[in-house]
Amino acid sequence: MTKKKDVLLKIRNLRIEGYSNEHWVDIIKGVDLTLHRGEVMGLIGESGAGKSTIGAGAMGYARDGTRISEGSSVEFDGMELTTATESERRALRGNRIAYVAQSAAASFNPAHKIIDQHTEAPLHYRLQKRMEAQEDAMQLYEKLRLPHPHEIGFRYPHQVSGGQLQRAMTAMAMSCRPDLIIFDEPTTALDVTTQIEVLAAIRDIVDEYNTAAIYITHDLAVVAQMADTIKVLLKGEEVEEAPTEEMLDNPKEDYTKSLWAVRSFESPQRQRPKGEVPLISLQHIDAAYTAGPKILDDVSFDIYAGMTVAVVGESGSGKSTAARVITGLLPPQKGEVLFKGEPFTPDYRNRTKDELRQCQMIYQSADTSLNPKVRISEIIGRPAQFYSGLKGAALKNRVDELLDLIELEPALYYNRYPPELSGGQKQRIGIARALAAEPTFIICDEVTSALDQLVAEGILRLLDRLQNELNLAYMFITHDLATVRSIADEVVVMQQGKVVEQGPKDEMFQPPHHPYTDLLLSSVPEMDPNWLTTLLEERGVDNVGDAAAAKIAT
Amino acid sequence: MGDIAKLIGKRLGLGLVILLIISIIIFFMVELLPGDVAQAVLGQGATPENLAAMRKQMGLDQPAVVRYFGWLAGALTLDFGNSIVTGKAVMSIIGERFMNTLFLASYAAVIAVPISIILGVIVALLRNSIFDRVANVVTLTSISSPEFFLAYILILYFSIKWGMFPSNAKISDGMSFADLLWRTFLPALTLVLVVVAHMMRMTRASIIALLASPYIEMARLKGTPPWKVIVKHALPNAWAPIINVVALNLAYLITGVVLVEVVFVYPGIGQALVDAVSKRDFPVVQASCLIFAATYILLNLAADVGAILTNPRLRHPK
């Protein structure tokens, strides 16, 4: 696999500082990196490891508020970028080193047509005339299997889907046939089914033009498909580097081993209790936002006390809308929600305090769902006060008890504010806030998707422990099937507002499946470096991703 | 395109409703003032009989609602009745003056708008440089100084010391266009100085707010030069707030220039309004207020439409 030829990029002792709280602090603490022509290197690590900063640094680019320190060396094809002038560095960007950003939807300028953004670099560098550049763009679109390659470039970014935009951005990076492309989490924002198409496209094109690439991601299974070598980073420092297969089979450092072991947690599967009424039961629910199209179409499923039901599906499949119906934020148009067999008041405004307390939520982004200006004690104390009428010492004891439950030392956290906490700690506070109401049922809306894998695992273990201790029922909204595997008892698969399949977890992960479930399951990347190749051979390139999903829906 | 036509239609309808509400407010506020037109015409010494006869003659004995609709119907055909001071048609008094005000406002706008936007782009490009700071200080100083003060300073230098432009901006019908521009240069310049800071700073702020966007970083990482990043990638997405500030300032140029008109003895509508208020010439006051309100609404409407037209998401629906 590895094509050991001449060195293209040589980074030595790269140190990058960031400005925070009126001090320059090291973000990257002396990283070395050697990349040969045509080689793909995966950079992995958790958020804050400095992957993206190194990626930008490889282009001699320091983001606003950061600077490359003295003594660092970034040598691209014999040219030292750290001492080059800004215009010399700029002359490489887009031309010989290109960049593919995480969110194509945000990284395409909404004011210009896709093809005009594509041809900007070739025209700027006078490599091609406009017509030639457009011709070339269309050919790249065709290679990347974008639909209507001759026409799609003349649309504006918002008129094209996320997966297509990400491929268009890869095409744009190719426009000057660079020697090196930096891929910065190019598929993180995509659904699994869409991700495959993009991965396949990137791999094809990088192979075809023998482009070297740095592939930045936090997803090990993805990097296993893409990279020849993998470099693991932690807090701005290299942990280890090795060829992909060796790294997967035989990681040396403890930190790497712990990353590899993340997916090991699996909560024992519970079975439905016989002869009991479900705690929450959705019965033939139809729902829509004002005057819009139907978002939920005849949705029915049950959640039993003390059990976890995972609701999976792509974005737009209606998962979160189902949660809004249960919480009463969106009363259904048809059908009803039953709580312990009794009708649950449809509109939250008409619910009694006791009805309201039964059903709590934990949100995806703890950053935005906790008020940054309110102390932890008050965030957790408010619902305890509101639902249970606790005051004074009783209230303080309750908050301490809740902090103990989520494994945070009460004395240390009682008086702190959310911005002082890490992402995982914030999510724990979100959990404590939900528990403060003493609910029987909690909706967890993508609670781990904004977290690093190790942290996410801690949250899943905590939720599992709480479930056992307090006999809670969870509705787990997620698009991550690894999460489903580790925590769910039952699974509901949704597509375009309909439930396509539901059942106990062990059955769901065994064939035969509904074709959509099958597509979803087979789209989840696996650690095996040959997984993508095998999958594409088995299913055929036209039978993955959006195209396949569309076929099933009709 | 149909969507945009519908949007514009909606805004236009909304503007008309607002104008109607304002016409009600203007009419009945004047009604609330102590004393009525008959009293104003006849003076304090008039006998009750004379007053009653005068009211009957002027239709003032009718209920207010009836008179409102009569006034509104007239306003639709630009007939605002007659001045009670001179007896001439209101339109003949303020029509020409309004045109003069429009002329002065356009003169100032044609200079101020391009200057502010170009300056705004330049200071955004050279942000935190000496040029940026100097431009900020100068424009802030000019916006913080009272306009009559600016006007006197300009008169002191440009007409008294250097004798380049007249301090008296009295214009008449027979003047050539060049002569008009020359005579009204100082009032126009005063207005330019007052409005440039606001528009320039908004242009700078809107552009800089966008510089943290991923698509700006993408443009930089494609090797796009800094000026092109600003002009081609940031500016097209910054129009909506800029247009709004421009519209607000244009409205100010038309409705807020009384002081400048007085200083330069310019025959604009502001002066007419001041005269009318001091003489209790209610029909003129009402007409002027309604014209001002219509101007505000029209310019804000234009800003809304402009913001819609510069938003590619609305211009090119899915």
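Trainee: Why does the radius of gyration of chain A agree with that of a compact globule?
Mentor: A compact globule of 554 residues would have a radius of gyration near 24 Å, and chain A has 25 Å, so the two agree. Please bear in mind that this is a predicted model. The C-alpha trace of chain A spans about 70 × 55 × 45 Å along its principal axes.

Trainee: What makes a residue of chain A count as buried, and what percentage of the chain is buried?
Mentor: A residue is buried if 20 or more other C-beta atoms lie within 10 Å of its own. Buried residues make up 47% of the 554 residues in chain A. As for contacts between residues at least 6 apart in sequence, 70% of those in chain A join residues at least 24 apart.

Trainee: How do you know that domain 1 of chain A touches domain 2 of chain A?
Mentor: Two residues are in contact if their C-beta atoms lie within 7 Å. Between these domains, 10 residues of domain 1 of chain A are in contact with 9 residues of domain 2 of chain A. On the domain 1 side, helix H8 (192-208) and helix H11 (254-260) of chain A are the elements giving two or more residues, and H8(A) has the largest share, 4 residues. By class, that side holds 3 nonpolar, 5 polar and 2 charged residues. The centres of the two domains, taken over C-alpha atoms, are 33 Å apart.

Trainee: What makes up the side of chain A that touches chain B?
Mentor: In this interface 22 residues of chain A are in contact with 15 residues of chain B. Helix H2 (86-92), helix H3 (104-107) and helix H5 (120-124) of chain A each supply at least two residues of the chain A side; H5(A) gives the most, with 3 residues. That side divides into 11 nonpolar, 8 polar and 3 charged residues.

Trainee: How are helix H13 and helix H14 of chain B placed, and which residues meet?
Mentor: The axes of H13 (residues 269-278) and H14 (residues 282-309) of chain B come within 8 Å and cross at roughly 145 degrees. The crossing of H13(B) with H14(B) is left-handed. B:Ile269, B:Ala272, B:Leu273, B:Ala276 and B:Val277 in H13(B) meet B:Val284, B:Val285 and B:Ser288 in H14(B).

Trainee: How do the residues of that contact divide by class?
Mentor: The contact of H13(B) with H14(B) has 7 nonpolar residues, 1 polar and no charged.

Key:
Residues are numbered from 1 along each chain as its sequence is written. Chains are lettered from A and ligands numbered from 1 in the order in which they are written. This is a predicted model: local features need pLDDT of at least 70, side-chain atom pairs count only at pLDDT 80 or more; totals for chains, interfaces and linings use all residues. Domain bounds come from an automatic or database domain assignment. Ala, Val, Leu, Ile, Met, Phe, Trp, Tyr, Cys and Pro count as nonpolar, Asp, Glu, Lys and Arg as charged, and the others, Gly among them, as polar. Axes are lines fitted to C-alpha atoms, for helices over the stretch in contact, and angles run from 0 to 180 degrees between N-to-C directions. A crossing is left-handed if the near helix is turned anticlockwise from the far one by less than a right angle, and right-handed if clockwise. The radius of gyration is taken over C-alpha atoms; the globule rule is 2.2 Å times the number of residues to the power 0.38. A residue is buried if 20 or more other C-beta atoms lie within 10 Å of its own, exposed if 12 or fewer, and partly exposed in between; C-beta atoms are placed from the backbone.
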